[in-house]
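Subject: Structure handover

Hi,

Here is the structure for you to look through.

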Amino acid sequence: MMSTPFSTQMSPSASPGASPAPTPSPSYNPEAVQKGLADFFAQILNNKFQSDEEFAAEYRDFKLDELVDGIIQWVIPSFQRRSAAPQNFKPKGGPIFSLNELRLIPPMDDEIFDVLAPHLTVSPT
């Protein structure tokens, strides 16, 4: 069994029968977006690692944090990355209209895209 390099933590579910509190107006929390996206991608990639040893060996050092930061910065150029952006990276500064835009965000490559894309969708908001 292959080890999984990305850690994910599942959040506890609400207790049955508890009525939900009113939801406040949505607000942007970059840390929450960063964590949610990283956890989601880590789960997908860890599943692939466990089912494909060759993929796991090739991508064991993949910089997931750089990809997550790049995606957020693609949409919001003022987002402060945890590491420096690649020199040739030019954020779009707007919503993602096509999944293929993710191919423009380093360190995304075709193989990672092929693993993540079936789990993603884009919709107008």
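A salt bridge here is a side-chain nitrogen of Lys or Arg within 4 Å of a carboxyl oxygen of Asp or Glu. By that rule, the structure holds seven salt bridges. Some of them are described below.

Two notes on the source. This is a predicted model, so local features need pLDDT of at least 70 and side-chain atom pairs pLDDT 80 or more, while totals for chains, interfaces and linings use all residues. Residues are numbered from 1 along each chain as its sequence is written, and side-chain values use heavy atoms, with hydrogens and water left out.

Helix α1

Helices are DSSP runs of H or I, at least four residues, numbered from the N terminus. Helix α1 covers residues 30-51, which is 22 residues. The expected span of a helix is 1.5 Å times one less than its number of residues. For α1 that gives 32 Å, and the end C-alpha atoms are 32 Å apart, so the two agree.

N29 caps the N-terminal end of α1. A side-chain oxygen of N29 lies 3.0 Å from the backbone nitrogen of E31.

Burial is judged by relative accessible area: buried is under 20%, exposed is over 50%, and partly exposed is in between (1.4 Å probe, protein chains only). The buried residues of α1 are Q34, L37, A38, D39, F41, A42, I44, L45, N46 and F49. An α-helix has 3.6 residues a turn, so residues three or four places apart point the same way. What covers the buried residues of α1 includes α2 (53-58), α3 (64-75) and α4 (110-116).

Charged pairs

Side chains of opposite charge can pair when their charged atoms come close. K48 is partly exposed, at 26% relative accessible area. D52 also counts as partly exposed, at 22%.

R82 pairs with D65, the closest N and O atoms being 3.6 Å apart. D65 sits in helix α3 and R82 in the loop between α3 and α4, so this pair ties together parts 17 residues apart in sequence. R82 is partly exposed at 45%, and D65 is partly exposed at 42%.

R82 also meets D69 in a salt bridge, 2.8 Å from N to O. D69 lies in helix α3, so its pairing with the loop residue R82 links parts 13 residues apart in sequence. D69 counts as buried, at 1% relative accessibility. Through shared partners, salt bridges join D65, D69 and R82 into one network.

Best wishes

How values were computed. Helix = DSSP H or I, 4+ residues; strand = E, 2+ residues; numbered from the N terminus. Contact = heavy atoms within 4.5 Å. Polar contact = N/O pair within 3.5 Å; in protein donor to acceptor, adjacent residues only side chain to side chain.
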